[in-house]
2 protein chains.
Amino acid sequence: MDPSQVKVPPMKNLTVDNITENVIRINSLCEDERMKYVLERLVSHLHDFARETRLSSAEWMTGLKFLTEVGQICTDVRQEYILLSDVLGLSILVDSIDHPKPAGSTEGTVLGPFHTHEAEEITQGGLMSSDPKGEPLLVVCTIKDTAGNPVEGVKIDIWETDSTGHYDVQHADRAGPDGRCIMRSDKEGVFWFNAITPVPYPIPHDGPVGKLLKKLHRHPYRPSHMHFMFEKTGYDHLITALYLRNDPFETSDAVFGVKDSLVVDLGKAGPKYAAKYNVSEDQALLTYDFVLVSDTETSDLRAKNSKDALDKLGRKVKIVNGLPIPDLD
Amino acid sequence: MDPSQVKVPPMKNLTVDNITENVIRINSLCEDERMKYVLERLVSHLHDFARETRLSSAEWMTGLKFLTEVGQICTDVRQEYILLSDVLGLSILVDSIDHPKPAGSTEGTVLGPFHTHEAEEITQGGLMSSDPKGEPLLVVCTIKDTAGNPVEGVKIDIWETDSTGHYDVQHADRAGPDGRCIMRSDKEGVFWFNAITPVPYPIPHDGPVGKLLKKLHRHPYRPSHMHFMFEKTGYDHLITALYLRNDPFETSDAVFGVKDSLVVDLGKAGPKYAAKYNVSEDQALLTYDFVLVSDTETSDLRAKNSKDALDKLGRKVKIVNGLPIPDLD
């Protein structure tokens, strides 16, 4: 490159006290105002973290090695960085910020690292788990909007582990997707399918994140749950899960996902459901009524929350598309 | 595991406002007080970063993918996480915190990602670069303590690029270490060797860190420099480098390493050096007098700086071995 083209503000003799403003200054050459703001906050917090901990060179190197290992264990079917974000509480935090829920709507929770894009679509009543050792479970749900009207044609992604607590992608010898499916709600907003009763399981803990949990004396278990993801134009993307009440890990989920509104009691099909859905009367039954929020309602609430939060922090920003950027006026 | 053994404080219904205290609470099961403190500050800053930026799910995923890519490009001879730390100004900050320098001693600077542990030891006057295209450079240095006494028997690690601006490890077909060596200072504190005149070069920018710099409109260049690392029992480990004055990138180093006290003018050997060191009179010459600080002096200064910084922040901590930990008294 031609050094005469360098447009960087001159900087030399950087110290503990002036490094941050200089890194922010050089990064502000970025034309993307949102990226500029995110980077400014990132650099400020990263440097304050080092200054407040008086981070040593040895600790710095330990940290970089850890981050390297987290990256290196990732594969197409293992995302250790999502796990790291999950166990540090960042995932649930970001979901709460980006997908605020007005009262009465279904709350969101962590995506986790096991969603894939290869699930097959099944029709109403289909079977989404082929595990013969799982306890059969009939699942009957409705989807409504916040006004109580059924929502038709929602694409629903559903995934759960097998009876040993492993997702399909965790089996090296798997033949194809299992324990996962895609469905569409009918004109009554109903979708129903056959699955197996969820079991508690540990998140993968043979890697760097597992080692970290061990050092912190934290267990890697998640309470029994089934994941759901809802997608329809005009509605806010909902990533959530249903948790079984009285699971031994109900109040100590390794990834902080449990919310009371998402905890369900399993019932039995009984004569009515048995006849209607062609299962035995003592078949386990899960029912739930999901409530989706419109895109508009969500983006209004997101923008309002952003404004309130940033006002409270006293930061000079403007909110564009619900997200703060530097306010240069 | 036996769920009855779970010692985690009960937690459910975590929100934007209470997630941080809960993650800190669960992490405080850790027995290592220093790790507990570092994690507490890490989680606080990570969460505040998300709250202040109102980080979106899409940005979160972009970030995790970036961190994954940074990890995946790392090899035995490429450390992209050090590069990332370098371009974010974290490396120079941590060096400044951990290796404070009293006035009159040689300042430290960034280690960079190209130090290896395979350099061969050479004797006084040895040649550490075999690049025939490099401009020959005679380097004559002394090492003293802060009282002005020569320091004998210091292990010195020296490394530089070839004339194309690449370190040996960046050449896939390299035969062995080149452009790097280990030396020992003699009883006058002197070490001297033959090298090549450093040239400016870009840090590796074909990976995720390079892409980041490009988005920020930052160039990846470092001004011409030669790395030095000094090690002797009783003295603080010194990682530094010497920079050539008037390099086109002197005030825009991509990794913020340049300090005026480390900028040197190259001279010519002239009759005196030519005769003494067996080089031609017009051979380029670099001389420098390094000053090492004792371990005791450094750890006292480090502890004092830590105390001053934490007092200023008003944090309730105690300083143990120069590093803050929670003060529970």
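Strand β4 of chain B, residues 180-184, is largely enclosed by the rest of the structure, because 4 of its 5 residues are buried. Buried here means under 20% relative accessible area. The model is a predicted one.

Two strands of chain B pair with β4(B). Strand β3, residues 155-159, runs antiparallel to β4(B) and is joined to it by 5 bridges. Within that pairing, K155(B) stands opposite R184(B). Strand β1, residues 120-121, runs parallel to β4(B), with 2 bridges between them. Here E120(B) has C181(B) as its bridge partner.

The structure holds 4 cavities of 30 Å³ or more. By type, the lining of the largest cavity divides into 9 nonpolar, 2 polar and 2 charged residues.

The second largest cavity holds about 60 Å³. It is lined by 13 residues, with G112(A), P113(A), F114(A), Y201(A) and R222(A) nearest its centre. This lining, too, splits into 9 nonpolar, 2 polar and 2 charged residues.

Two asparagines in chain B call for a look at the backbone. N246(B) has a positive phi of about 70°, although it is not a glycine. N246(B) sits in the loop between β9 (238-244) and β10 (263-264) of chain B. N321(B) also has a positive phi, about 55°, and is likewise not a glycine. Its loop connects β13 (317-320) and β14 (323-326) of chain B.

| Residue | Phi | Relative accessibility |
|---|---|---|
| N246(B) | about 70° | 65% |
| N321(B) | about 55° | 73% |

Finally, chain A carries an annotated region. UniProt, in an unreviewed entry, places the feature "domain: Catechol dioxygenase N-terminal" at residues 32-105 of chain A. In the model, this span is 73% helix and 0% strand. The end C-alpha atoms of residues 32-105 of chain A lie 34 Å apart.

Technical notes. Residues are numbered from 1 along each chain as its sequence is written. Chains are lettered from A and ligands numbered from 1 in the order in which they are written. This is a predicted model: local features need pLDDT of at least 70, side-chain atom pairs count only at pLDDT 80 or more; totals for chains, interfaces and linings use all residues. Side-chain values use heavy atoms; hydrogens and water are left out. On a 1 Å grid over the protein atoms alone, a cavity is a set of points where a 1.4 Å probe fits but cannot get out, and a pocket is an open set with protein on both sides within 12 Å along at least five of seven lines; lining residues have an atom within 4 Å of a point. Grid points are joined across faces, edges and corners, and a volume is the space filled by probe spheres set on the points. Ala, Val, Leu, Ile, Met, Phe, Trp, Tyr, Cys and Pro count as nonpolar, Asp, Glu, Lys and Arg as charged, and the others, Gly among them, as polar. UniProt positions are given in the numbering used here, feature names are shortened, and annotations may be inferred rather than shown by experiment. Buried means under 20% relative accessible area, exposed over 50%, partly exposed in between (1.4 Å probe, protein chains only). Two strands pair if DSSP finds at least two bridges between them.
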